[in-house]
Every structure is written in C-alpha cells, then in structure tokens.
Amino acid sequence: MPEQLAFTIEVFLNGLMAGVLYALVALGFVLIYKASGIFNYAQGVMALFAAMTLVGIQNGQVPFSHLINAIFGTEIHHFGWHVHSVLAIAFTVVVMIILAWAVQRFVFRHLVGQEPIILFMATIGLAYFLEGVADLMWGSEIKALDVCMSEGNCLPQGMNGWIDQTTFDVFGYGFFIDNLDIVASIVAALLVAGLVMFAQYTKQGRAMRAVADDHQAALSVGVSLNFIWILVWSLAGFVALVAGIMWGAKSGVQFSLSLIALKALPVLMLGGFTSIPGAIVGGLIIGVGEKLFEFLIGAPFLGGATENWFAYMLALLFLVFRPQGLFGEKIIERV
Amino acid sequence: MKDQADSYVTDDGRTIGPVVMEMKNITLRFGGVEAIKDISFDIREGEIRAIIGPNGAGKSSMLNVISGFYVPQEGEVWYKGAKRPPMKPFQVAQQGIARTFQNIALFEGMSVLDNVMTGRLTHMESGLLGQSIWKGKAEAEEIANREVAEKIIDFLEIQAIRKTPVARLPYGLKKRVELARALAAEPTILLLDEPMAGMNVEEKEDMSRFVLDVNDEFGTTIALIEHDMGVVMDLSDRVVVMDYGRKIGDGTPDEVRNNQEVIDAYLGVAHD
C-alpha cells in the first residue's frame, strides 16, 4: 500500500474518532433543543462540570475545600479514600440529575413562555455560573482522568492491557488508532442507540416529543411539563458526562473543555438542531472534514492550522445553501 | 328536578346516569375582570351537556376551569362524588378528563397515528427498560393501546390519513384528529371547545354526527361549547347559557329556547 494512501486513511480514521466526540457534545444540545426549544450554551460547561465532579469523587477530594479552609482556617483537601470508577460514575450521574432539577426549578421554571433569545441568555449565565461553581468545588488545576484503567476489577480480563497499549496497529499496515478512540466510538454508538430507543418507544420518550411539539396539547393528554424538562436536562447531563469522560481521558480535565461547546455549533448547523442522527453525522463530517482538509490542503498549501476555522467555514456554507441542515425539519412557510 | 343520584331515560332511549361532575359557585377573576361569576351546574354521566353564550360570556374560561388550565378563586369542583383539590392540567387529564381546544393544539410534527397514540399516554404503565427493548408486559400493552387507537381512527373515518404529518392536514380534519386524540384516552368526560368553529355546513354535519356517535357508541359523557345555536339544540341533552360571566339559563334545549333572559341575551334588548 502506498504510504500516502495509508496516511490518508489514518487521518480519515482519526477524523472519525474526533467526530464522535464532537457528536457527543452536539447530542446534548439537540436533546434540550428538541424538548424545550432552548439552545443550551452551557452544554460544554456541563461536560466540564461532570468530568470534574467525576475526578473529584474518584480521588476523594473534599468539595469546596478551598472555601472551607479559607473560612475555618482548616487544612482539609482529601477524604483519603479512592472511589471505584463505576461507583464514582453513578454518584456523578446523581449529581447531574440534581443539577438538572436545580436548573429547571430555579432558572427555567420562571422563564416559561419567554422569547428564545431570553432563554439563550439564561443559558449563557448558567454557563458562567456553573464554571464558577466547578472551580470553587474542585479547584482549577488540570487533572488526569483515569476511568477503569488502574483498577483491575472494572473491565473484563484483558481489556485493561488492551486500552493501556494506547494504539492499535490496523491489520499490520502500519497505521495506528488510539484504542481509547475505539472505546469512545463504541460507547457513543451505544448511547445513541439507547437514546433513539428511549425517544421512539417509551412512554417518556413519546411524552418528550409531545412536549417539544406543543405544550398545551401535551398538558391535555396528561404530560407533566416540569417532569419532562427535568428528565431532558438529566439526559443532557448524562450525555455531557459521557462526553466529559471521553475528552477528559484524552486530554485531561481542564477548563478549555468548556470550549468544545463552540465546536459543536458547526456540527449542529450541519446536522440540524432537531435531529439525533443529524448530530452524529454532522459530528463525523466535521471531524473527518477538518482532519482531511488539514492534511491534504491546509498543511501543504495554506500554511496549516486550518483545523481552527474549517468547521465554521463549512457551517457558513451550509447556512447559505441549506439553512435547516442535513436532517433538520424543512422550513416551510405557508402563505 | 331529578335527584343527583338518579338515572333517567331520554326520549330517544339513552340512559342518563347520576351526576359525575358538579361545579359549585365558581368565580374566576383575571385581575379586576370577573370572567365567571358564581356559577353552579352539574354534568351527568352519559349526557351531552352544552355551554352556550355570546362572545366573551366566559364559556371557554369555564371549560378551562374544568380541565385545570385555570384555577378559580372561589368555588368547588366535585368530581365522582369527591371534592377536587387544585390540580395541574396534566393531573386532571390523568383523572380521565380529556379535551380539545378552540384553536387546535395538535403535535404538528407527528403523524396522525402518533398524535392519537399520545392520547394513550395515561394508559401506559410498564417499565422504562421493557418499553425500550419492546419485551414482556410492554409489548402486550403497546399492542393493546395501538388497537384502541386504530379503533378510534376507524370510527372517526381518518384511516386514509393515518401516516400523514398533521401539519399538512386541512382545518376540518385537524379538528377530527384532535377529537380522536382526546377519545383515545377513553375519558370519563370529554370536553370539546367549539368543535365546529370555522367549519362549513357539510363539515359541521359530519362533526355533529361524530359527537352523537361517540356518545352513543362509547357512552362517553360530553361537555361542549358551541356558538351555533342550531347545532347545540339538536345535539345536547341539557344546556347551560352564560352571558357576561353569569349563568342565565340551564335546562333542556326547549326550556332554554323559551327562556326570556336567554332570548334577550342573544337578540339584544332595549334597556330603558
């Protein structure tokens, strides 16, 4: 196999993996937008918050320790135990559900029926608030996220070593994929399958779609709006956690994580704000597109660093030629 | 006047049961405006009960009180022999009171069938996991619910548009789909807010037939609001007449027709 082609394929596959992560973040946006028409700017921060909480719980960190120490003059930082990954993830899920409830109870419950721009502004406020809380709770230093890798009894026998290898030589052709990326793809696929099944086949899923479509009608068939909104924010929190784990495992848990929300914007432009499959396909297109563009055109001809703007460029083109995105609901105006 | 607990048989041979819902001295205010002033009336099982009145009489407000969208400042709602505590609309729906809206509130993005299936939401009880993987109790439940939905779709003659997204349907059909969704809940009381508003004569005749058939076939208690006097008089067993938030008449269509106050409200009267 010629070297150039092998490289291209490797770049392509790496792009797919990056795309999976973009798609995961975009998915959180789509969930909330579908059910409540809120564009949740805080989705990226939620991923950061979830990842920090997970690491904090795992390491037995005392939440708000800086604050506590400053007020009481104590010197506590750690409980001195290590929580098993699976248990820590379960705790984090609980935290995200509480967060969902609080967001609904203290912010959006008071903004029902407001203009979309007001709801959007509220999510910007929420993003900054949450970032501050995350900082106060767990500290601002970069932390390594280690899920299941140093614990022997977490994954099936042999899996640990396999992920630790970090790269995977595909069929001996001499190109490499991060094993972590493969795991991420599988997890993402399972998550999407689960969400689609939930939305299509369950009572709550049906109620969710009903609420997204018409509040009044949903009430009249016995759906509690409040419950559905908390459910949706919890789901978005869960998706944020998964995204946070993946990004955190790849590049450490740090505050720049919240900026991945910006990368999800072009993904949404491509996939459409209301489509779960759209978020996935959009994420993959952006991931592959920016890597391939950088490799084939950007680096040789444009002096590189095209990855930073390629996604936005693509989104702009889509806005001009197909504003509803690839899978979005077609905009038809009856006159 | 018949006793609340008694049943009686109408001229056309239908049995009207005891009182299932009673409104006692309901008063509803919006700021300084009294939309409903001290109104009491009851709804009996199996009857078609109409609420009529000129524009702005407070008919829709009354329906919204029954369905929980508005909470009255004064008065009590009694349902199935018990006083109903203040409730959210979705809780009222779960108690078996389904409704349609004057301006149609359908799930525009869903197909007709999906819309009707949402009417079955209150009848779904199996677990989340079972529903996701379509096994066990959930499967049987979904099939049963689907059967009910299909039966109602057949009944209202909208088989041909089962899979059509609601947004594409003409107004008259949307009204019928909304009725189908409300019926799918197999409600104890069905509330219809101006089911014939904005329809032509033919559509009105169709809708009237469906209302009568629903009442006849399923024995559903129906409370409806309507502008068209002719339609109301033909359809209903008993009529409440409202004007400026007050009740000015209550009784059979014939009694109401001959009520001087009602005639004045509809035709206008010179005050001197």
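**Figure 1. Overall build of chain B.** Buried residues account for 41% of the 272 residues in chain B; a residue counts as buried if 20 or more other C-beta atoms lie within 10 Å of its own, as exposed if 12 or fewer do, and as partly exposed in between, with C-beta atoms placed from the backbone. This is a predicted model, in which local features need pLDDT of at least 70 and side-chain atom pairs count only at pLDDT 80 or more, whereas totals for chains, interfaces and linings use all residues. Residues are numbered from 1 along each chain as its sequence is written, and chains are lettered from A and ligands numbered from 1 in the order in which they are written. Chain B contains 10 helices and 12 strands; these are DSSP runs numbered from the N terminus, with helices (H or I) of at least four residues and strands (E) of at least two. The radius of gyration of chain B is 19 Å, close to the 19 Å that the globule rule gives for 272 residues, so chain B is as compact as a globular protein of that length. This radius is taken over C-alpha atoms, and the globule rule is 2.2 Å times the number of residues to the power 0.38. The C-alpha trace of chain B spans about 70 × 45 × 40 Å along its principal axes.

**Figure 2. An open sheet in chain B.** Four strands of chain B form this sheet in the order β4-β3-β6-β7, with antiparallel pairing; two strands pair if DSSP finds at least two bridges between them. The edges are held by β4 (33–44) and β7 (82–83) of chain B, each with a single partner strand, so one side of each has no neighbour in the sheet. Strand β6 (residues 74–79) of chain B is joined to β7(B) by two bridges, and these strands run antiparallel. Opposite Tyr79(B) stands Ala82(B) in β7(B).

**Figure 3. The two domains of chain B.** The domain assignment, automatic or from a database, gives domain 1 (1–96 + 187–272) and domain 2 (113–184) of chain B. Their centres, taken over C-alpha atoms, are separated by 27 Å. The contact between them takes 11 residues from domain 1 and eight residues from domain 2 of chain B; two residues are in contact if their C-beta atoms, placed from the backbone, lie within 7 Å. On the domain 1 side, α2 (89–94) and α7 (201–218) of chain B each supply at least two residues, and the largest share, four residues, comes from α7(B).

**Figure 4. The contact between chains A and B.** This contact takes 21 residues from chain A and 25 residues from chain B. On the chain A side, the elements giving two or more residues are α7 (179–201), α8 (203–213) and α9 (215–220) of chain A. The largest share of that side, seven residues, comes from α8(A).

**Figure 5. Surroundings of Ser7(B).** Ser7(B) lies in the segment before β1 (8–9) of chain B. With 13 other C-beta atoms within 10 Å, Ser7(B) is partly exposed. Leaving aside neighbours within four places in sequence, Ser7(B) is in contact with Thr15(B), Ile16(B), Gly17(B) and Pro18(B). The C-alpha atoms of Ser7(B) and Val231(B), 224 residues apart along the chain, are separated by 25 Å.
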